[in-house]
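Have a look at the fold before reading on.

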Amino acid sequence: MAKNIYTVCQEISSDEKYGLISQIKRCAVSIPSNIAEGSGRNSSKEFNHFLAIALGSAFELQTQLILVKELNFLSEEKVNTLLSEVSEIQKMIYSFKNKLQ
C-alpha cells in the first residue's frame with residue numbers, strides 16, 4: 001500500500017507536495033514501519049503498542065485520502081481503491097492486536 005500511495009501521489013499537484021502529500025506519504029510509511037519495529041520487540045505488550053500506533057496512522061491516512069477525494073486532487077476511482085486498501089489493513093491490524101491481547 002505504501003508503494004501505491006507514493007505512485008499515486010506523483011499525480012497530485014506540486015502545490016501540495018509539501019503539505020498534504022508529505023503527510024500522506026509519512027502515514028503510509030509509518031504503518032509498516034511500526035509493525036516492523038513492534039515485531040522486533042521483546043514482548044507482546046510492546047508489539048501491541050506499536051500495532052496501535054500503526055492503526056492510528058492507518059486511520060490518519062484514511063482521513064487524508066478522504067480529503068484528497070473531496071478536494072478532487074485525484075480521481076474518485078483511485079482514491080476509493082486506496083481507501084479499500086487502507087480499510088483492509090485497518091481490519092488486519094485490529095485483528096492482530098486482538099490476538100496478541
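## Helix packing

H2 and H3 pack with their axes 8 Å apart, at an angle of about 160°. That makes H2 roughly antiparallel to H3 (the term covers angles over 145 degrees). The crossing of H2 and H3 is left-handed. Among the residues that make the contact are Leu20, Ile24, Cys27 and Ala28 of H2, and Phe47, Phe50, Leu51 and Ala54 of H3; contact means heavy atoms within 4.5 Å. By class, the contact of H2 with H3 has 15 nonpolar, seven polar and two charged residues.

This is a predicted model, in which local features need pLDDT of at least 70, side-chain atom pairs count only at pLDDT 80 or more, and totals for chains, interfaces and linings use all residues. Residues are numbered from 1 along each chain as its sequence is written, and side-chain values use heavy atoms, with hydrogens and water left out.

Helix H1 (residues 2–9) also packs with helix H2 (residues 20–39), and H1 is roughly antiparallel to H2. H1 passes H2 in a left-handed crossing. On the H1 side the contact is made by Ala2, Ile5, Tyr6 and Cys9, and on the H2 side by Ile21, Ile24, Lys25, Ala28 and Val29. Eight nonpolar, no polar and one charged residues form the contact of H1 with H2.

| Helix pair | Angle | Axis distance |
|---|---|---|
| H1 and H2 | about 165° | 9 Å |
| H2 and H3 | about 160° | 8 Å |

## A loop residue

Asn72 is found in the loop between helix H3 (44–70) and helix H4 (76–100). Although Asn72 is not a glycine, it has a positive phi of about 60°. Asn72 counts as exposed, at 64% relative accessibility (exposed means over 50% relative accessible area, with a 1.4 Å probe and protein chains only).

How values were computed
Axes fitted to C-alpha atoms, helices over the stretch in contact; angles between N-to-C directions. Helix = DSSP H or I, 4+ residues; strand = E, 2+ residues; numbered from the N terminus. Parallel < 35°, antiparallel > 145°, perpendicular 65-115°, else oblique. Left-handed = near helix turned anticlockwise from the far one by under 90°. Nonpolar A, V, L, I, M, F, W, Y, C, P; charged D, E, K, R; others polar. Buried < 20%, exposed > 50% of the residue type's maximum accessible area, 1.4 Å probe, protein only.
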